[in-house]
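Dear colleague,

Please find below the structure that I am handing over to you.

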Amino acid sequence: MAPPMSAGSFLSRLKAEGLTAVEVGDWEHHNRNHKGPWGPVHGVMIHHTVTSGSQRTVELCRDGYSGLPGPLCHGVITKDGRVHLVGYGRSNHAGLGDDDVLRAVIAEKALPPDNEANTDGNRHFYGFECENLGDGEDPWPEAQLDAIERAAAAVCRHHGWTARSVIGHLEWQPGKIDPRGFTMAAMRDRIHERLK
Ligand SMILES: [Zn+2]
């Protein structure tokens, strides 16, 4: 049962992990808190955007679109490895997912298959959207993978979590495929090494 860290701590933690953070507009106060609770937080969720072009990707994740208002995550990780902070608080990234998965994340145990969408994920997860078409062909530059590893580790380090607190959207919500192009198992291995 961890309360979310402050926006200032979030920024400090990312920088301390060696990341370049870009503050977009009034990100610290851009959120969906009027729609529901934010916290307690239990983990970090990784996504791909199905977009190309960093500027457009960042704008979309900040503003959202009709039917899904922004922010759509907390940080957008572009292909150059920068983390663009677009919102802080409750954000529209995780949707409904599987309560059994949430229990496994809290216990930091191996994940069960996600076969239910019965639990509010926007309340419980930090979210990073990563610029990629998600077609299995669009490359993931090492700078971007390195930034995903560092961003997730930064949050885990703050809360005292292990890499098992980091999941992909595809492990949370039935039907989701993101992120595609690397495996979450491999990414968790990297985060685990970093947290040693
Ligand atoms: Zn997603």
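Glutamate 17, leaving aside its neighbours within four places in sequence, is in contact with Arg150, Ala153, Ala154, Arg157 and Arg194; contact means heavy atoms within 4.5 Å. Glutamate 17 lies in the loop between α1 and β1. At 7% relative accessibility, this glutamate counts as buried, where buried means under 20% relative accessible area, exposed over 50% and partly exposed in between, with a 1.4 Å probe and protein chains only.

Please note that this is a predicted model, in which local features need pLDDT of at least 70, side-chain atom pairs count only at pLDDT 80 or more, and totals for chains, interfaces and linings use all residues. Residues are numbered from 1 along each chain as its sequence is written, and side-chain values use heavy atoms, with hydrogens and water left out.

The protein chain as a whole contains 5 helices and 10 strands; these are DSSP runs numbered from the N terminus, with helices being H or I of at least four residues and strands E of at least two. For 196 residues, a compact globule would have a radius of gyration near 16 Å, and the 15 Å of the protein chain agrees with this. That radius is taken over C-alpha atoms, and the globule rule is 2.2 Å times the number of residues to the power 0.38. Along the principal axes, the C-alpha atoms fill a box of roughly 35 × 35 × 30 Å. Of the 196 residues, 53% are buried. Among contacts between residues at least 6 apart in sequence, 73% join residues at least 24 apart.

I turn next to helix α1. Which residues of helix α1 (residues 7–16) are buried? They are Ala7, Phe10, Leu11 and Leu14. Seen down the axis of α1, these buried residues fall within an arc of 95°, so they line one face of the helix; the arc is that of the directions from the helix axis to the C-beta atoms. In general, an α-helix has 3.6 residues a turn, so residues three or four places apart point the same way. The cover over the buried residues of α1 includes β1 (21–23), β6, β9 and α4 (142–159). Glycine 18, with a positive phi near 95°, follows α1.

Helix α2 (residues 54–63) has Thr57, Val58 and Cys61 buried. Viewed down the axis of α2, its buried residues fall within an arc of 95°, so they line one face of the helix. They pack against β3 (64–65), β5 (75–77), β6 (83–85) and β9 (125–130). On the face of α2 turned away from its buried side are the exposed residues Gln55 and Arg56. Glycine 64 follows α2 and has a positive phi, near 75°.

Threonine 57 of helix α2 has a relative accessible area of 0% and is therefore buried. Apart from its neighbours within four places in sequence, threonine 57 is in contact with Thr49, Thr51, Ser52, Val76 and Glu131.

Finally, glycine 97 lies in strand β7 (residues 96–97) and counts as buried at 0% relative accessibility. How far apart in space are glycine 97 and asparagine 118, C-alpha to C-alpha? The distance is 5.7 Å, although 21 residues separate them in sequence. Leaving aside neighbours within four places in sequence, the contacts of glycine 97 include Asn118, Trp172 and Gln173.
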